Amino acid sequence: MRAQIIALALSLTTTTLLYSDNTLADTRILTSIKPLELLVRTIATEDMQVSTLVPPGASPHNYSMTPSKRRELEDSDVIFWAGPKMETFLNRLLTGSEFGGRSIMLMEHDEDSEHDEDSEHADSADSHDEHSHEHDHGDGEDPHIWVDPHMALTMAETIRDTLAQRNMADKPALDANLEAFRASLIAKEQQIRTQLEPLRDTSLFAYHSALTRFAEHYNLNIEGVLTLNPELSPGARHIAEVQSSLRNANHPCLLTEPQFNRQWWRSITTGLDVTFSTWDPLATDITANPEGYVAFQQSIADAVLKCLPENAEH
Ligand SMILES: [Zn+2]
Ligand SMILES: [Zn+2]
């Protein structure tokens, strides 16, 4: 008799646990690219699942979605993406009726949150004033917004606001995660600023515009971008211009990206004294955990530091 009661109690407990597990794990978050997954992981609570659409090694500029990825979209509750200038393959889907309601375009949010930010979070905005920098985040067409740490923070705020609207969201935990991220990112940003001081005289060249916002944020000089549109090969005239800038540059350093063919770079730098380094705007090798975004910032700084003559790889 007693054993039966215990068995009944156990089965009730199991049922309850299963049920609440299902309810809690109900928020399935999908991000277009890995760096956005890293940002979501800084904010999301343990009951939320996070995954990424564009697989390792693929470029969001020319990705075409597989049927299984399409099913992941259907199964998701919230979708974060940068915007139509970045993940062009998602344009029609994420602005359409099926997914539009659960899609958050971070580039748009970034642009119009500049102003509400100062008024709504007036008391937490002092960190922005302290670290005010020369470039204007609202401007510019460059869609690689996640490489700029302050834009990343604004995106994290949007992510917090979005996830706080979910049923059963643990708002204090989401807020605490955001504040922890803010503190560690600001510390990392200052550390990187110091690390990059000696790079003031170095002329950086990038494969495409992905590095631009990072360089602007930390006052680095990008003197050339090899291809203006990463989906196309650059024209002969543009290559000639880049070669001429390389020839006249002070310690030129080419920052290549693993998604693109390095041999092609070699051919245009033949006969020139150029340093090479590789960085990954898609954070492929960064561990997907709450510390991942800060590690990603450092990984970009590390790649740029390899441009220094004493660290150089020719
Ligand atoms: Zn890109
Ligand atoms: Zn910035």
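Colleague: Before we start, when does a residue count as buried here?

Modeller: A residue is buried if 20 or more other C-beta atoms lie within 10 Å of its own. The model is predicted.

Colleague: Then take A283. Buried or exposed?

Modeller: A283 has 26 other C-beta atoms within 10 Å, so A283 is buried.

Colleague: Where does A283 sit?

Modeller: In the loop between β8 and α12.

Colleague: And what is phi there?

Modeller: Phi of A283 is near 55°, a positive value, and the residue is not a glycine. Most residues other than glycine have a negative phi.

Colleague: What about phi of N219?

Modeller: N219 also isn't a glycine, and its phi is positive at about 55°. N219 is in the loop between α9 (212-217) and β6 (221-225).

Colleague: Why is N219 called partly exposed?

Modeller: Because N219 has 14 other C-beta atoms within 10 Å, and the partly exposed class lies between the exposed limit of 12 or fewer and the buried limit of 20 or more.

Colleague: How far is the C-alpha of L282 from that of H144?

Modeller: 10.0 Å, with the two residues 138 apart along the chain.

Colleague: Switching to helices. How do the axes of α7 and α8 cross?

Modeller: Helix α7 (residues 149-164) and helix α8 (residues 171-195) have axes that come within 10 Å and cross at roughly 175°. That makes the two helices roughly antiparallel.

Colleague: Which residues make that contact?

Modeller: From α7, they are P149, A152, L153, A156, E157, R160, L163 and A164. From α8, they are K171, L174, D175, L178, F181, R182, L185 and E189.

Colleague: How do they divide by type?

Modeller: The contact of α7 with α8 has 10 nonpolar residues, six charged and no polar.

Colleague: And α8 with α12, at what angle do those axes cross?

Modeller: Roughly 5°, and the axes come within 10 Å. The two helices are therefore roughly parallel to each other.

Colleague: Which side chains are we talking about? Residue names will do.

Modeller: The contact is made by S184, L185, K188, I192 and Q195 of α8, together with V294, Q297, Q298, A301 and L305 of α12. By type, the contact of α8 with α12 has five nonpolar, four polar and one charged.

Colleague: Now the core. Which residues touch the most other members of the largest nonpolar core?

Modeller: L39 and L106, in a core of 69 residues. Helix α7 supplies the largest share of this core, seven residues.

Colleague: Which domains does the core draw on?

Modeller: Domain 1 (24-192) and domain 2 (197-311), with at least three residues from each.

Colleague: What is L106 in contact with, sequence neighbours within four places aside?

Modeller: L106 is in contact with L36, F80, W81, A82, G83, I145, M155 and T158.

Colleague: Last one, the whole chain. How many helices and strands?

Modeller: There are 12 helices and eight strands. Of the 314 residues, 35% count as buried. Among contacts between residues at least 6 apart in sequence, 65% join residues at least 24 apart.

Key. Residues are numbered from 1 along each chain as its sequence is written. Chains are lettered from A and ligands numbered from 1 in the order in which they are written. This is a predicted model: local features need pLDDT of at least 70, side-chain atom pairs count only at pLDDT 80 or more; totals for chains, interfaces and linings use all residues. Axes are lines fitted to C-alpha atoms, for helices over the stretch in contact, and angles run from 0 to 180 degrees between N-to-C directions. Helices (H or I, at least four residues) and strands (E, at least two) are DSSP runs, numbered from the N terminus. Angles under 35 degrees count as roughly parallel, over 145 as roughly antiparallel, 65 to 115 as roughly perpendicular and the rest as oblique. Two residues are in contact if their C-beta atoms, placed from the backbone, lie within 7 Å. Ala, Val, Leu, Ile, Met, Phe, Trp, Tyr, Cys and Pro count as nonpolar, Asp, Glu, Lys and Arg as charged, and the others, Gly among them, as polar. A nonpolar core is a set of buried Ala, Val, Leu, Ile, Met, Phe, Trp, Tyr and Cys residues joined through C-beta atoms within 7 Å. Domain bounds come from an automatic or database domain assignment.
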